[in-house]
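Visitor: Could you walk me through this structure? I have not seen it before.

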Amino acid sequence: YDSVAAAAALALSRIAAAKPLTGDVLTKASSALVKRYKRKGEEDQAAAVAMREAVLTAMGVIRYKSFLPVLRLALKDTDATVRLAAVNSLAQAGQTADADAIAALTGDSDRGVRVASIVALGKLGGRKYLATILKRTDPKAEPDQAVRKQARAVAMELLAGADAATLEAEAQRLAGQPDAVNQRIEILIMLVATLKTQDSDKLPKALRTLGQALLDGERPAEAAGHFRAVYDALLASKDAKASDAWVEWVEALLAADDPAAIQAMVAQNEAAVFIVARKALATRLAALVAGQRYAPAILLAERAIESLAQRLTVDESKSFQTVLENAREAQRAADKKTVLQLVGLLTASDESARSKASGELQLLAARAVYPLLEILKSSIEDE
């Protein structure tokens, strides 16, 4: 019976996993598995498939040379679970000669087979099959997100230690793929590290590309550091593009809501470059207010008014002052609404809700004082 044979194969797998089979026992077990795989059973199709899967799994655990022809033939089985077991067992066998056959299954109709094939290919084929693996990271070739994620993970392992040209090519290939932003960043980090060790003149360009990728990945604080490095390098070499790098650095600082952007503007002596940064600041303030992120808008506007007063026209000063006043007013209204909700939760029956509300009020700190006083005054005056 197929079901009995499957159970026996799985039992044999566990025994072999606990203690490798040797000598006569290994010979007998190997012969029995090969013969049983080839023999037709006495049950239905489902039981037959389960038997083949279990036998192939046992072969992968035992890893005997006589299994290889059977495992290779099973790669073409009509049932996906059998193909999956064959791929996994061949990966355990560790024969690099099987990489080509497994590579063909990276486009299999079954998702599980594709994932297993990608992992096996990374183990057996190495960087030689990097292009095949990376193909499965492309949404046009691979519709399943889980498979693309696995392919990227394997590719990242293979790319460790790759040369600069390979890393640059792969980073370029992933450009414009929204679900590959983080993987592209990791590749660019590898590229930058490689170029640093080579003291390459391509380093500024790679740093700039990394900074832009970090911005795409909503990591502006990290991007700012790389743009600053580009600016310093170009400034040291008296490159005409140093001003462009400075603007990118300041824009990244603004995207991170870092008031260091204002200090950088204070030190900027080129009038035309300063004007570009001032416009970027105004744009960032407008975006913060529109997104109801009043606290960073207030911080940046206050610093701008304090530090840039001598470099702003009357109209520009009034514009920043208006933004600051509007943001403060909106923040007060938002704080009042928040505090009113939290005060109501302080008397809730649920202790965790009360504790959470108390903690959030303390986090608001001084911003909670006036709303609390207004609530207190209202309570005292109430009939």
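Guide: What follows covers confidence, salt bridges and nonpolar cores, in that order. This is a predicted model, in which local features need pLDDT of at least 70, side-chain atom pairs count only at pLDDT 80 or more, and totals for chains, interfaces and linings use all residues. Residues are numbered from 1 along each chain as its sequence is written, and side-chain values use heavy atoms, with hydrogens and water left out.

Visitor: What is the average pLDDT of the chain?

Guide: The average is 91, and 100% of the residues score at least 70. The pLDDT is the predictor's confidence in each residue, from 0 to 100.

Visitor: Which elements have the lowest and the highest mean pLDDT?

Guide: Helix H8 (residues 130–135) has the lowest, at 84, and helix H14 (residues 242–255) the highest, at 95. Helices here are DSSP runs of H or I with at least four residues, numbered from the N terminus.

Visitor: Now salt bridges. How many are found in the whole structure?

Guide: The search finds 19. A salt bridge is a side-chain nitrogen of Lys or Arg within 4 Å of a carboxyl oxygen of Asp or Glu.

Visitor: Which residue forms a salt bridge with Glu 316?

Guide: The partner is Arg 278, with the closest N and O atoms 2.5 Å apart. This pair links distant parts of the chain, since Glu 316 is in helix H18 (residues 314–345) and Arg 278 in helix H16 (residues 271–290), 38 residues apart.

Visitor: Is Glu 316 buried or exposed?

Guide: Glu 316 is buried, with a relative accessible area of 17%, and Arg 278 also counts as buried at 17%. Buried means under 20% relative accessible area, exposed over 50%, and partly exposed in between (1.4 Å probe, protein chains only).

Visitor: And what about Asp 24 and Lys 28?

Guide: Their side chains meet in a salt bridge of 3.3 Å, N to O. The two residues are four apart in helix H2 (residues 23–38), which means that about one helical turn separates them. Lys 28 is exposed, at 54%.

Visitor: Changing topic: how many residues has the largest nonpolar core?

Guide: The largest core has 107 residues, and those with the most contacts inside it include Leu 33, Trp 246 and Val 250. Its largest share, nine residues, comes from H14. A nonpolar core is a set of buried Ala, Val, Leu, Ile, Met, Phe, Trp, Tyr and Cys residues joined through side-chain atoms within 4.5 Å.

Visitor: Which residues include the second core's members?

Guide: That separate core has six residues, among them Val 339, Leu 342, Leu 364 and Ala 368.
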